[in-house]
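Open the model in your viewer and keep the selection panel at hand. The tour goes stop by stop.

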Amino acid sequence: MVLLLLTAVAAFTASALDEAVTNRALAGARLAQQRAFNAASAGLNLAIAELRKGSHSPLHTYELPGADAEVRVEEKSRVMMPAGYSAGRFVEQFYEIRSSGSSVRGARSVQVQGLKRVEAEDPAPAYLDSAP
Amino acid sequence: MSGSTSAWRGSAVACVIACLAVLSVWFPHSANADMPGCLPSPQISVVMRIARVANGLAQRLYLRGGPSPALQLIDQATGESRWSAGRSTPATQLFPEMWAGFAGSLTALDMDGDGLHDRVYAGDLAGRVWRFDIHNGAPADAIMTGGILAELGNATKGRGFLAPPDVSLSSPDPAGSWLNIAIGTASLTTGAGDNRFYVLRDRAAAQIWTQAEYERHRPIRETDLVWLNEPATSGTPSDAGGSLSGFYLTFAGGSVVSASISLSGRAIVAVAHDLDARCSVAVTVSSVSLHDGSPAMDLNSDGRIGMEDQNTLLPGRLPTSAGLHLPKSAGTTAPCLLGDTVVPGCAFRSSLTPIWWRREDAD
């Protein structure tokens, strides 16, 4: 009878242990995924800050605590006549920033941000080209 | 008496500036030889990207204004005329109303973003603003359709256009948007009246007109526009019903010899006065909102935007060739420059605007 009881307790203990181990593994994976997500967000913010400063590289990797982010900045379409600005002297430039955050255990998160801004096209309009 | 003498002197000086500009366009070698470096240098041509003229190859051409023919498309490589427009032959394409020449008041636009110019706005020496649609690939005698968009002067008033039109879109929404055509006049004869800075609204901007439609169009006249600084009235024009054709400012003296610049829905224009022996001019600048014509920038740096910002004298004197522009590599924040002089209260500021975000990893 005691032996039967001990066997039942052992079975319950083993099951509880297995659940605890599984939960811990899941929590670890979730933490890694969260880190990857945060790294991707941080990558986006860092790339936007670079773009605001007027200098950006098309591909950059940011090393972050426990994770890293690979960021690709692409110039997409251009609107040649932004509203309220002299035609031919300004353009509305659209950007796409793709930030891929990576963490331990192969966790990965990809975030993509679309942005736009008006930029000065030339210091002078095309008509300042000299005639032949 | 002294007032009228002063006014006459002012108009004479304005005329000297403008007449030199016209001379430099039409007779560049002789004018430059007489007064080297002392001309406002109006731009005499615009670079145009035209796909084909008469089934020729895609090419880069210059659109040039002059006395006769009034307009010409010049092949950049060979210097040959590929197309011309005027009142009579031998112009390739005839426009019976084109009796006044053009002197560099030309702006070419790519309306559909295909890399080719398809619209031209041009101001002539009789105070008329022309609009042309370019039909790329058409025979040389039909490559453009065009006509008078606005008739804002006549031969006796002595006001004409030297500065290129500054064109801007009113709103990103295609429905209900129009093109603002900001352009200032210059005195071409002594005793010419007060010059103007017009902001015209081309409400059919997206339409490509046939020649018959141009001929049916009733040109905008000064009586259709709101005079912003009319002494007897005040306030800003109303666009109730979407019928406002535009508005204008008058200047007590001086001529507009360079293009205005539009920033964030506001236009700023420079007016040249008092040409001296050292080839320099005094310059006043004016700003208007493209939306309602109200003063739009704190040009006199008094900390507020008011009617006095409609016309502010810049300190010092500037070379006659000075034009409004942004510095090279302007980036996202830059002051407006007139020549090398910073225009107070006028700056280009641009910010990044997030428009969408998405997460691509499957979770």
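Stop 1: Buried means 20 or more other C-beta atoms within 10 Å of a residue's own; 12 or fewer is exposed, and in between is partly exposed, with C-beta atoms placed from the backbone. Helices (H or I, at least four residues) and strands (E, at least two) are DSSP runs, numbered from the N terminus.

This is a predicted model: local features need pLDDT of at least 70, side-chain atom pairs count only at pLDDT 80 or more, and totals for chains, interfaces and linings use all residues. Residues are numbered from 1 along each chain as its sequence is written, while chains are lettered from A and ligands numbered from 1 in the order in which they are written.

Now check the helix length. Step on to A:Gly54, which follows α1(A) and has a positive phi, near 90°.

**Stop 2: across to chain B.** Select the interface. Here 50 residues of chain B are in contact (C-beta atoms, placed from the backbone, within 7 Å) with 35 residues of chain A. Which strand of chain B gives the largest share of the side that touches chain A? β25(B) does, with seven residues. By class, that side of chain B has 23 nonpolar, 18 polar and nine charged residues. Nonpolar here covers Ala, Val, Leu, Ile, Met, Phe, Trp, Tyr, Cys and Pro; charged covers Asp, Glu, Lys and Arg; the others, Gly among them, are polar.

Zoom in on β4 (residues 108–120) of chain A beside β25(B): the two pair in the antiparallel sense over six bridges. Strands pair if DSSP finds at least two bridges between them. Pick A:Leu115; its bridge partner in β25(B) is B:Pro354.

**Stop 3: inside chain B.** Show the whole chain: three helices and 25 strands. Of its 363 residues, 48% count as buried. Select B:Val129 and B:Ile268, which touch the most other members of the largest nonpolar core, a set of 92 residues. Such a core is a set of buried Ala, Val, Leu, Ile, Met, Phe, Trp, Tyr and Cys residues joined through C-beta atoms within 7 Å. Strand β18 (residues 266–273) of chain B gives the largest share of this core, six residues. A second, separate core has 16 residues, including A:Ala36 and A:Leu44.

Next, the open sheet of five strands, in the order β6-β7-β8-β9-β14 (chain B), with mixed pairing. Its edge strands are β6 and β14 (220–221) of chain B. β6(B) and β7(B) run antiparallel, joined by five bridges. Pick B:Phe102 and find its partner in β7(B), B:Asp124.

**Last stop: confidence.** Colour by pLDDT, the predictor's confidence in each residue, from 0 to 100. The mean is 85 for chain A and 79 for chain B. Select residues 123–132 of chain A, where pLDDT stays under 50. Residues 25–37 of chain B also stay under 50. The model scores ipTM 0.85 and pTM 0.82.

Conventions: Contact = placed C-beta atoms within 7 Å.
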